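Hi everyone, and thanks for making time for this.

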Number of protein chains: 2
Amino acid sequence: MSLIVQKYGGTSVGSVERINAVAARVAAWRERGHQVVVVVSAMSGETNRLIELAKAIQPRPAPRELDVLLATGEQVTIALLAMALQQIGCPARSYTGAQMNILTDSAHNKARIRDIDGARVLADLAAGRVVVVAGFQGVDENGDITTLGRGGSDTSAVAIAAALKADECQIYTDVDGVYTTDPRIEPRARKLSRITFEEMLEMASLGSKVLQIRAVEFAGKYRVPLRVLSSFEEGEGTLITFEEEVVEEPKIAGIAFARDEAKLTVLGVPDQPGVASRILGPIAAANIEVDMIVQNIAADEATTDFTFTVHRNDHPRAIEILQEIARELGARQVLGDERIVKISLVGVGMRSHAGIASKMFAALAKEKINIRMISTSEIKISVVVDERYLELGVRALHEAFELDVPA
Amino acid sequence: MSLIVQKYGGTSVGSVERINAVAARVAAWRERGHQVVVVVSAMSGETNRLIELAKAIQPRPAPRELDVLLATGEQVTIALLAMALQQIGCPARSYTGAQMNILTDSAHNKARIRDIDGARVLADLAAGRVVVVAGFQGVDENGDITTLGRGGSDTSAVAIAAALKADECQIYTDVDGVYTTDPRIEPRARKLSRITFEEMLEMASLGSKVLQIRAVEFAGKYRVPLRVLSSFEEGEGTLITFEEEVVEEPKIAGIAFARDEAKLTVLGVPDQPGVASRILGPIAAANIEVDMIVQNIAADEATTDFTFTVHRNDHPRAIEILQEIARELGARQVLGDERIVKISLVGVGMRSHAGIASKMFAALAKEKINIRMISTSEIKISVVVDERYLELGVRALHEAFELDVPA
């Protein structure tokens, strides 16, 4: 007997029929002798409906009240799923985030989990009940309702699995696992049966939408075995393992990409200490997240060019801020480019294998794809290219690294 | 400066526009220097939508989970109303029943309030905030969400007013006060500017839908001044007073009626001690509430006829139970009648005025209305008549007691 935490997203619980299907699946796990905790999202469409309702009243809804409102989405689902389980003879009990004491900080709309009190849930499991918990939500130390932000249900599930010392955390979604790249871009993309945490972290942060990055971080930190599976089909899905467990390891796990970035460059910045923080400070102060950062020495050697990428939505605001800073710094010009994408090669094997970067650049060059920016980490190489080269670039890399061939 | 608790029902918060209108009204009270706590129901239609969703999954929804589900209705409203208040510059904060520690017993779907912790709310009021509380819901000592049953928001408002020692509890509804009888039945019905608690209690229990009976009971017990007003029109509404405050008192306050009753009779029951409890015990055990009870000696003097009324929905089940009991008791026959209504005359003046009952029976006899059952209390006389006589009976009594003439 093992203790399993399962998470079902909005699409998986999007209707009465689907809730019944989830109940049947959960009950089957319990009948096989497992203890099951189920974490659910709001029914698909519900969160958007609530946000629209809020915006009709307050264009920028008050964060505390928005959380009170949004938390109702999952609360509806937990009640309905608990009913569906009881209807098929499976004892079940639901808990909101507050009821389960999912303690978070007070950053409304994007709170972080601090602690979880699993005592009541463990008592229910011992009594043979399935426990159904509202994902995405928690409570701060004042008793105010908080939410973790979009996709936070994955994080809830992993955090609960960590708190309960679960044997596995299963994330049920509308895809059947993690692929070498997006099959809509490269039909020969292959499902991975395993991927390391570090690789998954890079894949998630680089735009693979299968798992929320904070959930992967949490799983890594507390060493929670995580599995991604389909809620509509049977299958083993993809297990996210700790590196040491992987026996035979492919060099490259997959190719991630992000379409929603934009590039900003400040040309002719004085090459002095503190310039980077003078530029990025006001950007950060405006709550704009920066992704890649590259600094090159300019031709004249007294100045430098400073380039970084942000989310495409933040591009207009970032340009405004940069123009102000550029004036103050005496920089030559500010350039912006919204028509770029980022493509990244991810794999723990990269660490010990030279030549992967050059093979990557060669594969792109062969297709005459101009690389606009490069950034590397221990287990990934990212390039920024014009957005029209996205599909071509992904397919070229997929083929060059033979990702369609099982390792 | 006074502390006012205002309650707005589902129709009053049924749309974004109406929520904005409520916000404007609340903000105006605050600007006049009052501290305001607002108790709200779910948006109209929402509770029914949730119940239908539940029933699509579980024909008889598990009571604990149904409460988790239904509590989301008011939670949506409190968040939206707090946003609407903030949007017009009025500081506001929302609380669910659990957050405000509205402690109830554990009788899911029909819980009773035991205690309320007003500390946090009083701090908010002192800080100049309007406090918005979810009606209809609470939390039991295990931390499980409970609901008070339909109309429970009135009870929430009164209980909160009592806990905060509010100066007045205002119930905003879709009518502008309490009338001598239903104006849809008798167009000459007159709005009362005052009514005593005892009269209101009888009016509410006898089918006047303006206020929930438990709310009136609560207000009486804790001596909370209660006022019924329209949320759509301006006006003073009806103040529900304590008897001793009423200077000049009409004999009759109004005429209430209930369409949703059914009558059951067990004929030829042995006239022995304990028979009444033998009959009503199993009815109570089936959670069927009994309203009027009448027992007559039958012709043969060794047996008696036992008659009582129940809610029409419970009639089929009650008949089944009675047939079983009748067999055990050796009773002659069980009769049921679903086509009856109850009409009641209510007024504290009745106590000291003989002749009201005879005047009532004479007025009905004049219209050839046959009285099937009679039951009296200190301040009301109820009769059961065939349902086709409802309108005629109400109008005859309204005229006989000159209720259209201001006292």
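Predicted model: local features only at pLDDT ≥ 70, side-chain atom pairs only at ≥ 80, totals over all residues.

**Two chains and how they meet**

Now for the contact between the chains. Chain A puts in 28 residues, and chain B puts in 28 residues. On the chain A side, helix H1 (16–31), helix H2 (46–57) and helix H3 (63–87) each supply at least two residues. H3(A) gives the largest share, with 14 residues. By type, the side of chain A that touches chain B has 18 nonpolar residues, nine polar and one charged. And why can we say that the copies meet through the same surface? Because 100% of the interface residues of chain A are also interface residues in chain B.

Let's move over to a sheet in chain B. This one is open and has four strands, in the order E15-E20-E22-E21, with antiparallel pairing. Its edges are strand E15 (254–258) and strand E21 (373–377), each of which pairs on one side only. On average, neighbouring strands here are turned by 20 degrees against each other, ignoring direction.

Look next at E20 (residues 340–346) and E22 (residues 380–386) of chain B: seven bridges join these antiparallel strands. Within E22(B), the residue opposite B:Val341 is B:Val385.

Which helices go with this sheet? Helix H10 (residues 356–366) of chain B packs on it, touching E20, E21 and E22, and its direction makes about 20 degrees with that of E22(B). Helix H11 (residues 390–400) of chain B lies across E15, E20 and E22, running at about 10 degrees to E20(B).

While we're in chain B, here is a pair of helices. The axes of H8 (residues 275–285) and H9 (residues 315–329) of chain B come within 9 Å and cross at roughly 145 degrees. Is that crossing left-handed or right-handed? For H8(B) and H9(B), it is right-handed. H8(B) contributes B:Val275, B:Arg278, B:Ile279, B:Pro282 and B:Ile283 to the contact, while H9(B) brings B:Ala318, B:Ile321, B:Ile325 and B:Leu329. Sorted by type, the residues of this contact are eight nonpolar, no polar and one charged.

Strand E10 (residues 194–196) of chain A runs parallel to E12(A), joined by three bridges. Strand E11 (residues 226–230) of chain A is also joined to E12(A) by three bridges, but these two run antiparallel. A:Leu239 turns up in both pairings: it is the bridge partner of A:Arg194 and of A:Arg227.

One last stop, in helix H10 (residues 356–366) of chain A, where we find A:Ser358. Why do we call A:Ser358 exposed? Because 9 other C-beta atoms lie within 10 Å, and 12 or fewer counts as exposed. Its C-alpha is separated by 51 Å from that of A:Met100, 258 residues away along the chain.

Key
Residues numbered from 1 in each chain as written. Chains lettered and ligands numbered in written order. Contact = placed C-beta atoms within 7 Å. Nonpolar A, V, L, I, M, F, W, Y, C, P; charged D, E, K, R; others polar. Buried ≥ 20, exposed ≤ 12 C-beta atoms within 10 Å, placed from the backbone. Pairing = 2+ DSSP bridges. Axes fitted to C-alpha atoms, helices over the stretch in contact; angles between N-to-C directions. Left-handed = near helix turned anticlockwise from the far one by under 90°.
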